[in-house]
Amino acid sequence: MRNYFQFSERGTSFKQESAAGITTFLSMAYILVVNPVILSQTGMDKGALFTATALSAIIGSLLIGVMANFPIGIAPSMGINAFFTFSVCIGMKIPWETALAGVFVAGLLFMILSILKIREKIINAIPADLKHAIAAGIGFFVAFMGLKNAGIITANEATFVAIGNLKSAPTVLAIVGFIIMIFLLNKGIKGGIFYGMVLTTILGMIFGIITPPDKIIGSIPSLEPTFGLLFGHLDEIFSIKMLAVIFTFLFVAFFDTTGALIAIASQAGLMKDNQIPNAGKALLADSLSGIVGSVLGTSTTASFVESTAGIAVGGRTGFTSIIIAACFTISLFFSPVLAVVTPEVTAPALIIVGAMMATEISKINWSNFAIVIPCFVTIITMPLTYSIATGIALGFILYPITMLATKKTLEVHPIMYVLCAIFIGYFVYVI
């Protein structure tokens, strides 16, 4: 086991990987509650959605851990499930069974692109500065998610965002948790984020902010209402409307995962010579999990950027992903306990992880204005548009343009010019 996951080469241990896996699971466990709530608005069965969400996370995390030896958790993507529900099913009035067929086809296209190593070539063609910008931008995005979940930042009609009510009990709990984690990390405790989450949860229950579960073990809901129903609707995908939907599933999942892989590889120190080892296997595992998820009955899966929380604890190998899968397996039987993992508990971890990832910004060549513009736009638009994929797309559009303006066209990989044209077309004709 140690040899297979390269514990010695990556400077890790069973204890360190286990703590990392549990931390990542706790950071992404909300998906078990939130995904069914969002997708059930399409008319899908909420119980079946819970089981489909857990199973897709188990299978996806196992695949990427075993196949690619990456410390990543995979589960239904938060951005795509909202697009699936509100834009496709409710907005376009497309039945959820047909939408799942679209997810399935997008997954097959993912797999083909992965097998042909096209996705891997695209990732390797991204300039180093832009990779650092993507990692830093995701750091700001993750921190923004944490601040929002903590209630420290809230919506405002006049200014879009504003400071929240810092006197509210959940926000106070998040702030206390943030302070606890900072204290533990500065003391050099590797599992500081994980232990901080545990202590925050205990404090929340002591002071009545978090409701203790009324029971420990719950039954596993049946998959029958959603399992395999997409196969009866594959003939409905051949329309302009559905092709646009499939392309959007493909686009968002592709670059959400690309961004997560770059960020995680950078943070874990796995990137070598501007390339991610086993990127092809990681992308294939991601695409396979998307196909499986659609058959089970959930929207597109993706590599979770919350995996960076586990990286911060010390996760370096695929054994972290095995632990994540094990935790999701246990959660099938102990779903009532998940209620104590509230946004206030995970928010401080996301803020701290965001800060750690944002250090990638120092590796960007800020003295070259042609590089500064695409990198800055990539970073700033991720949190402001609440979309990793959008930030990447805008950076990919601007980078070839600024290189062209400075007569450095030969320094740009031809793939970047192709992507620039594709993204311009996407913004003009799809969005």
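**View 1. A hairpin of 3 residues joins strand β2 to strand β3.** This is a predicted model, in which local features need pLDDT of at least 70, side-chain atom pairs count only at pLDDT 80 or more, and totals for chains, interfaces and linings use all residues. Residues are numbered from 1 along each chain as its sequence is written, and side-chain values use heavy atoms, without hydrogens and water. β2 covers residues 153–156 and β3 residues 160–163; they pair in the antiparallel sense over 4 bridges. Ile153 has Ile163 as its bridge partner in β3. Strands (E, at least two residues) and helices (H or I, at least four) are DSSP runs, numbered from the N terminus. Two strands pair if DSSP finds at least two bridges between them.

**View 2. Tyr4 and Phe5 form an edge-to-face aromatic pair.** The structure holds 11 aromatic pairs. Rings of Phe, Tyr and Trp (its six-membered ring) pair if their centres lie within 6.5 Å; planes under 30 degrees apart are stacked, over 60 edge-to-face, the rest tilted. Tyr4 is partly exposed because its relative accessibility is 49%. Phe5, at 3%, counts as buried. Buried means under 20% relative accessible area, exposed over 50%, partly exposed in between (1.4 Å probe, protein chains only).

**View 3. Phe396 and Phe423 form a tilted aromatic pair.** Their centres are 5.7 Å apart, with 45° between the planes. Phe396 lies in helix α16 (residues 388–405) and Phe423 in helix α17 (residues 414–429), so the pair ties together parts 27 residues apart in sequence. Both Phe396 and Phe423 are buried.
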